[in-house]
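Please look at the sequence and structure below before reading on.

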Amino acid sequence: MATKNKNLSAYDKTTIPNANGLRFGIVVSEWNSEITEGLYSGAIDALLDCGAQEADIVRWNVPGSFELIFGSKKMIETHKIDAVIAIGSVIQGETKHFDFVCEATAQGIKDLNVITNVPVIFCVLTDNNIQQSIDRSGGMHGNKGTEAAIAAIKMAVLGS
């Protein structure tokens, strides 16, 4: 397991560029909201800790992870954003729906990174069960939202 013995929330602030003056979009899936809200909390806390201002962070909600692609695209088109964090959670069920949603979401976010000049950070948990999601959204493995925020800061600076 990639997160074994790793805390997703750990970062060395001295190695992170100051986020003051950068604008961030966060698009959050409402599906599995107990997980996505935890990821959002991790992301917002890290952005603010690294110097971003609340006024420079825009949040939009979308129904599910599949809709993160369109939400991120519209965020880029309608706001002057330096980076977008796409937050979602897809948990394995009994059907192939999980595979289709995960594949399409990953490919769509990848496509946005290719066709736009604004980095879109993939913060979508694709777990086998709810416990794995809890562990990665503020639980025993830390918070993937924190990790995504640090990536967003680094990529925003790279893109500017």
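Arg23 is partly exposed, with a relative accessible area of 22%; partly exposed means between buried (under 20% relative accessible area) and exposed (over 50%), using a 1.4 Å probe and protein chains only. The model is predicted, so local features need pLDDT of at least 70 and side-chain atom pairs count only at pLDDT 80 or more, while totals for chains, interfaces and linings use all residues. Residues are numbered from 1 along each chain as its sequence is written, and side-chain values use heavy atoms, with hydrogens and water left out.

**Arg23 and Asp56**
- The side chains of Arg23 and Asp56 form a salt bridge at 3.8 Å, N to O; the term means a side-chain nitrogen of Lys or Arg within 4 Å of a carboxyl oxygen of Asp or Glu.
- Arg23 is in the segment before E1 and Asp56 is in the loop between H1 and strand E2 (57-62), so the pair ties together parts 33 residues apart in sequence.
- Asp56 counts as buried, at 18% relative accessibility.

**Asp49 and Lys13**
- A salt bridge of 3.3 Å (N to O) links the side chains of Asp49 and Lys13.
- Because Asp49 lies in helix H1 (residues 33-49) and Lys13 in the segment before strand E1 (24-29), this pair ties together parts that are 36 residues apart in sequence; helices (H or I, at least four residues) and strands (E, at least two) are DSSP runs, numbered from the N terminus.

**Helix H2**
- Lys74 and Glu77 meet through their side chains in a salt bridge (3.2 Å, N to O).
- Both lie in helix H2 (residues 68-78), 3 residues apart, about one turn of the helix.

**Whole structure**
- The search of the whole structure finds 7 salt bridges.
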